[in-house]
Structure formats: structure tokens, C-alpha cells
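Dear colleague,

Please find the structure below, handed over for your own work.

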Amino acid sequence: MSTNEPRAPLESEVPEVIGFLDHILRPNRGWSIAAEYPQVFAPPNRENLRIVKDGDRVIAHAATKFLIIKTQLGLFKVAAIGSVVTSPEHRNLGHSRDIINSCLQIAEEGCADFAILWSDLYDFYRKLGFELAGREVSLVIDAIPTLPPNDLRILQSSKVAPEAVLRLYGGHPCGTIRTAEDIRRHLCIPNSRTYTAWDKNNQLLAYAIEGKGADLKGYIHEWGGGVSALLPLFAHIRKDLNQRITVIAPSHAENLIRQLRQWPALVHEGYLGLIRIVNERNLFLKITRRARQLGLREFAIEKQGEHVRVGTPTDMVTLSTQAEVTRLIFGPHPDGTLNPAYKDLFPIPMWIWGWDSV
Ligand SMILES: CC(C)(COP(=O)(O)OP(=O)(O)OC[C@H]1O[C@@H](n2cnc3c(N)ncnc32)[C@H](O)[C@@H]1OP(=O)(O)O)[C@@H](O)C(=O)NCCC(=O)NCCS
């Protein structure tokens, strides 16, 4: 076995791996990357980390974290990949390609439906089979909105019972399955602000999280609760931070999006991330099951040789690239490109909240 082959670090190597990542990705920060991604670098996930060493030095790394996502279609297993880095003096030697492929193997062996990552290196990841897909709505709140008075008490503090946050989080139709312990760890992420809205009986009505370590400054990437409490909460955050804020929302959060459009807020439609289908068979079975529930009795999506055939016997379409299949399943679909018969089937509802990005 070549010493340059990606492998999981030994327990004794983990501090060195984190030191390597902090040195390149978080120089001069007052915290470690391990604090930003508490579950990625926790001992139970060590087997899903990949490193390449040159002699006794770590020279490349990437992490995989499995997420179980609840959606209206049922559960999806997703492999989120992140902290992809090669030391500057070892770049362009194929280390990251090997490491990502190793992460994809972890994903496949772990029966993930698809892998996802967040990056602006589109060309780099396209070569590895990832495609920009899925949908995300960003609502940019620039002006301070004037809202009718309310009797909410708004706090900025991460000292909030994780169980109370979990109760509101549970109201989302789409998101990873979390425990109160998961939320407790997320609440400790550095360089992040937790805002909460309470009624006069001290009931938590809404929460919103801004920032996440080195990322998402000015972005509300996690929120939960009723729209009537979220709106004054966002207005408060805009005022408190004294800067433009951007609320990130899944496209199915229709009521919130409709209300925020009236503030006014600038609305941008973006992608959920760079997605690569890992287990086509699983994914196609879930989609077919959903099609049956929707009454699409003859619908099929299946692999045929190198291609994917999708539709009914009378309107079968052949997709020849992975990118086309990924875009069909996760969207977005530019106006007029999706057969109207499948408007309830595609894109499949999929969303990953900010705390779960890797
Ligand atoms: C991006 C990065 C991880 C690439 O690592 P690497 O080990 O040099 O990459 P590889 O040598 O495996 O490159 C694989 C392929 O991608 C290409 N590639 C490398 N860096 C690229 C970049 N920044 N943009 C586009 N393509 C790139 C290579 O030319 C190679 O192409 P080929 O297969 O046609 O020969 C590395 O430059 C890095 O650590 N950058 C800083 C951290 C970062 O931006 N991480 C990504 C966060 S998601």
C-alpha cells in the first residue's frame, strides 16, 4: 500500500490533523475548527475522516459526516463532505481527488443516497461528479422594518435549554434528525449568536442563529418557531447587529418567504450545494414510491446501461449525464423545462440547515 493512500487517522493522530486544519483553514482565529464542527471531529466520526501523510506529516484531509434527513418522502441518508484541504506545497498532485474519492467510498459503503458539499470551486468538484443542485432562498434584509408592537421578550444568549430549541426544530418538515445533545453542542459553536423570542409565560416561541465560526457572518442559517414570532425576531436581529442580514430558507418555507417579501427584502434563489448521487438504486426506489403515492402509476426512473430512463412508457426520456439526473431530482428546473406531470414529484423536498453544513 502506498503511504500516500488516503486513510482514517489513528486516534493518536487526531490532534495533529486538527492542528493541520487550523493552521491552513483557521489561521489567527481564537478557536479551533473542531469547535465549529463538533460532530465531525468527535471520536465516533474518526473513521469517516481521511488523511494523506508524507512521511510523518499530514498533507491532505477531508471529512465525511453522515446525516439522516427527514423529508415528506421519508428518510434520506446523506454524506456531507467538508474541510477539504491539501497543504500548499503538495497541491496539484491528485491528493484531494484521491481523498474525495475515498470519502465517496465511505458514502457508498455507508449506503448514503447522495453526497453534498459546499464550495465555490465548481470546476474542481464537477470533475469529481458533483453538480450544483437543490434550492435555497436567501432573503436579504437591508432596511430596518417597522412592525406592529408585540409583547415578545427577545434575548441574545446561547444559554437556552436545547430541549426547547429541539421542540421548535421538530416543527420543520425537512431537516436532519437531531437530539437535544446535538443541539447543545451546536449552541457552543464559536463566533455565533443565538437569538430567542419568548412569550410572557416564558415559552420559547422562536429562535434564530447568526454566524458559525469562520462562516455565515450576517447569515441566519438556522431558525425555528412560528412566523408571527420569527418576523419580530429577525427585525430585532437586524437592528441589534446594525448591519444587513440574510435569512437562508428552504423554498418550502412559503409563508415566511411571502411575509418577508413584503418588508421589503431582496430575494435570491440559489443552490443547496454541490450534490453527487451515490446510491442511484436507493434514491430511484424512494422516488418511485413517492410517484405511486402521488398517483403516477406508470412512472419509472431506472438505470439502463450508462443512461437513466425516466417517465412513463408513452413519454420516456433518456438522461445521459449524472449532472442531468442530479438536476432533475433536486432541481432547480428553469421555467418550462420540467414536464408538468411531474411538478409534484420533482424537485424532491430536500434541505440541510446551517448547523449541519460541514
Ligand atoms: C482545492 C484544493 C483542496 C485542491 O487540492 P489538490 O490536492 O491540489 O487537488 P488535486 O491535485 O487532487 O486536483 C484534482 C484536479 O482538480 C484540479 N484543481 C486543483 N485545484 C483546483 C482549483 N482550485 N480549482 C479548479 N480545479 C482545481 C487539478 O488540476 C486536478 O485536475 P485534473 O484531474 O484534471 O488533473 C487545494 O487547492 C486547497 O487545499 N485549497 C485551499 C482550501 C480550499 O479551498 N478547500 C476547498 C474547500 S471546499
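Strands, like helices, are DSSP runs numbered from the N terminus (H or I of at least four residues for helices, E of at least two for strands).

Before the rest, a note on the basis of these values. This is a predicted model, in which local features need pLDDT of at least 70 and side-chain atom pairs count only at pLDDT 80 or more, while totals for chains, interfaces and linings use all residues. Residues are numbered from 1 along each chain as its sequence is written, and side-chain values use heavy atoms, with hydrogens and water left out.

β15 and β16 run antiparallel and are joined by five bridges; two strands are said to pair if DSSP finds at least two bridges between them. Two residues lie between the strands in the hairpin of β15 and β16, where Gly305 takes a positive phi near 65 degrees. These strands belong to an open sheet of three, with the order β15-β16-β17 and antiparallel pairing. Its edge strands, each pairing on one side only, are β15 (300–304) and β17 (317–319). On average, neighbouring strands of this sheet are turned by 25 degrees against each other, direction ignored. Angles here run from 0 to 180 degrees between N-to-C directions, and axes are lines fitted to C-alpha atoms, for helices over the stretch in contact.

Strand β16 (residues 307–311) pairs with β17 in the antiparallel sense over three bridges, and Val310 stands opposite Val317 in β17. Helix α9 (residues 280–293) packs on the sheet and touches β15 and β16, where contact means heavy atoms within 4.5 Å. The direction of α9 makes about 160 degrees with that of β15. Helix α10 (residues 322–330) lies across β15, β16 and β17 and runs at about 120 degrees to β17. In the segment after α10 lies Pro332, and the peptide bond from Gly331 to Pro332 is cis, with omega near 0 degrees.

The seven-stranded sheet

A further open sheet has seven strands in the order β7-β9-β10-β11-β12-β6-β13, with mixed pairing. β7 (153–156) and β13 are the edge strands, each pairing on one side only. Within this sheet, β11 and strand β12 (residues 245–249) run parallel and are joined by two bridges; Tyr219 stands opposite Thr246 in β12.

Helix α8 (residues 254–261) lies across β6, β11, β12 and β13, at about 30 degrees to β6. The loop between α8 and β13 holds Pro264, and the peptide bond from Trp263 to Pro264 is cis, with omega near 10 degrees.

α5 lies across β10 (204–212) and β11, running at about 100 degrees to β10.

The α5–α6 contact

Helix α5 (residues 162–169) packs against helix α6 (residues 180–187) at an angle of about 110 degrees, with their axes 8 Å apart. The two helices α5 and α6 are therefore roughly perpendicular to each other (angles of 65 to 115 degrees count as such, under 35 as roughly parallel, over 145 as roughly antiparallel and the rest as oblique). Pro162, Glu163, Val165 and Leu166 in α5 meet Ala180, Ile183, Arg184 and Leu187 in α6. By class, this contact of α5 with α6 has six nonpolar, no polar and two charged residues. Ala, Val, Leu, Ile, Met, Phe, Trp, Tyr, Cys and Pro count as nonpolar, Asp, Glu, Lys and Arg as charged, and the others, Gly among them, as polar.

In the loop between α6 and β9 (193–198) lies Asn191, which has a positive phi of about 55 degrees although it is not a glycine. Most residues other than glycine have a negative phi, and most peptide bonds are trans.

Pocket and cavity

On a 1 Å grid over the protein atoms alone, a cavity is a set of points where a 1.4 Å probe fits but cannot get out, and a pocket is an open set with protein on both sides within 12 Å along at least five of seven lines; lining residues have an atom within 4 Å of a point. Grid points are joined across faces, edges and corners, and a volume is the space filled by probe spheres set on the points.

The largest pocket has a volume of about 1400 Å³. Of the 50 residues that line the largest pocket, Leu117, Trp118, Ser119, Asp120 and Tyr125 are the closest to its centre. The largest share of this lining, six residues, comes from β3. By class, the lining of the largest pocket divides into 25 nonpolar, 16 polar and nine charged residues.

A search of the whole structure finds one cavity of 30 Å³ or more. The volume of the largest cavity is about 80 Å³, and among its 13 lining residues the closest to the centre are Gln39, Val40, His186, Trp355 and Asp356.

With kind regards
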